[in-house]
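Thanks for coming. I have one structure to go through today, so please have a look at it before I start.

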Amino acid sequence: MPSLLDRWQQLKRDRRVVWAAYIALALLLVALPFVTDWAFGRTWVRIAAFVLLYVMLALGLNIVVGYAGLLDLGYVAFFAVGAYFYALLASPHFDVHLPFWLLLPLGAAFACVFGVLLGAPTLRLRGDYLAIVTLGFGEIIRIFLVNLNAPVNITNGPQGINLIDPVRLGDFSLAQTHSLLGASFPAVYNYYYLFLVLTLAVVFVSLRLEDSRIGRAWVAIREDEVAAAATGINTRNVKLLAFAMGASFGGVSGGLFSGFQGFVSPESFTIIESVMILCMVVLGGMGHIPGVILGTVLLVVLPEALRHLGPWQQALFGRVLADPADLRLLVFGLALILVMMLRPSGLWPSSTRRREFAAKGEEARHGKQSVYDAAR
């Protein structure tokens with residue numbers, strides 16, 4: 001009699017089941033704003049839009065950290081570059097109002113240049129040294145944004161830039177409510193669907209990169225850079241390409257963030273944002289696109305859900321025992337610690353990384369047994 005695992009493997013190989021799952025997922029994503037608005041309120045539709053925005057960011061960092069194995073703690077800098085590029089050229093600050101379809105690819109290209117500028121001087125660095133340099137780069141960008149308001153006001157300093165033009169596709173403004181087939185689509189719905197389309201495009205590009213010759217070269221560098229160089233891989237160019245591709249995804253996300261918010265300031269691009277994006281990649285499973293998406297969803301939704309700890313305490317104990325803000329961060333941190341202790345490879349790792357961690361665990365157990373036997 002076949003086991004549950006055998007049945008699951010058979011279902012995964014059945015193309016009808018796979019296509020049915022894809023269709024169900026597509027219908028769920030399309031209907032999600034309406035269901036969320038009806039069940040939880042419009043605020044959660046906005047949170048769903050931010051989930052998609054952070055999925056693009058996490059997939060960009062996944063190229064650098066998950067594929068190429070380059071620890072980047074300053075990834076939020078590319079997010080900031082894309083956001084400010086869009087804000088400066090689509091607001092009254094410079095009195096330039098370029099169209100969205102031109103600003104978004106230009107912002108991605110501009111962030112790509114910054115990715116190369118970061119990658120070029122760090123090619124010989126690895127591990128902790130690379131992390132420190134990228135961390136410094138992210139802070140340099142944020143400090144520049146704060147101080148580039150004198151003697152010439154470029155970024156408007158800590159006040160940020162407001163009155164940013166909403167996203168427009170021709171005569172269609174996403175900031176207005178539209179009707180289609182009797183259904184009303186508020187502004188947050190419109191942005192959600194735009195983010196969904198672009199997120200699917202980023203997922204498609206990531207999948208193609210993963211299966212490409214470049215993706216295999218990134219993995220080879222991650223596993224053993226010396227061996228990769230010995231096989232003929234140009235490690236310098238391949239690593240620069242990883243920084244450039246990851247930065248371009250960050251630039252796209254930053255531009256969308258500016259158009260969605262209508263306001264940007266340096267406070268949105270702190271080191272905590274970089275750490276959170278890195279947690280999304282590591283928690284879900286480095287190098288595994290479904291795992292990265294799962295980690296992003298959890299780390300965006302969970303903190304918002306924990307904001308309701310106050311009403312829950314009131315309902316259970318008749319009064320609020322602890323400040324919800326402090327308790328929210330405590331529960332959130334404990335959840336991260338438990339996951340990394342119990343699932344060090346991530347919640348949804350790739351089969352390759354699962355085998356690697358299993359092999360390392362076996363080596364560690366054999367090593368401990370050998371030491372114990374020698375002591376006896």
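Predicted model: local features only at pLDDT ≥ 70, side-chain atom pairs only at ≥ 80, totals over all residues.

Start with the largest pocket, which holds about 1700 Å³ of space. Its lining is made up of 40 residues, and those nearest the centre are Y22, L25, P290, I293 and W348. By type, 33 of the lining residues are nonpolar, five are polar and two are charged. Several helices supply at least two lining residues each, among them helix 1 (4–13), helix 3 (42–67) and helix 7 (187–210). Which helix gives the most to this lining? That is helix 2, with ten residues. As for where the pocket sits, domain 1 (11–41) and domain 2 (42–365) both give residues to its lining, so the largest pocket lies between these two domains.

Next, the second largest pocket. Here the space is about 590 Å³. There are 22 lining residues, with Y54, E273, V300, E304 and R307 nearest the centre of this second pocket. Two or more lining residues come from each of several elements, including helix 3, strand 8 (263–264), helix 11 (271–284) and helix 14 (324–342). The lining of the second largest pocket divides into 15 nonpolar, three polar and four charged residues.

Helix 10 (235–261) is also on that list of contributors, and I want to stay with it for a moment. Helix 10 has 27 residues and spans 39 Å from first C-alpha to last, close to the 39 Å expected at 1.5 Å a residue. Is helix 10 largely enclosed or largely open? Of its 27 residues, 22 are buried, so the rest of the structure largely encloses helix 10.

As background, most residues other than glycine have a negative phi, and most peptide bonds are trans. The bond from A150 to P151 is cis, with omega near 0 degrees. P151 is in the loop between helix 6 (127–147) and strand 3 (161–162).

Two non-glycine residues have positive phi. D95 has a phi near 55 degrees and is in the loop between strand 1 (90–91) and strand 2 (96–97). L163 has a phi of about 55 degrees and is in the loop between strand 3 and strand 4 (168–169). Are they buried or exposed? D95 counts as exposed because its relative accessibility is 61%, and L163 is exposed with a relative accessible area of 61%.

That is what I have for today.

Methods
Residues numbered from 1 in each chain as written. Heavy atoms only, no water. 1 Å grid on protein atoms, 1.4 Å probe; cavity = no way out; pocket = protein on both sides within 12 Å on 5 of 7 lines; lining within 4 Å. Points joined across faces, edges and corners; volume = space filled by probe spheres on them. Helix = DSSP H or I, 4+ residues; strand = E, 2+ residues; numbered from the N terminus. Nonpolar A, V, L, I, M, F, W, Y, C, P; charged D, E, K, R; others polar. Domains from an automatic or database assignment. Expected span 1.5 Å × (residues − 1). Buried < 20%, exposed > 50% of the residue type's maximum accessible area, 1.4 Å probe, protein only.
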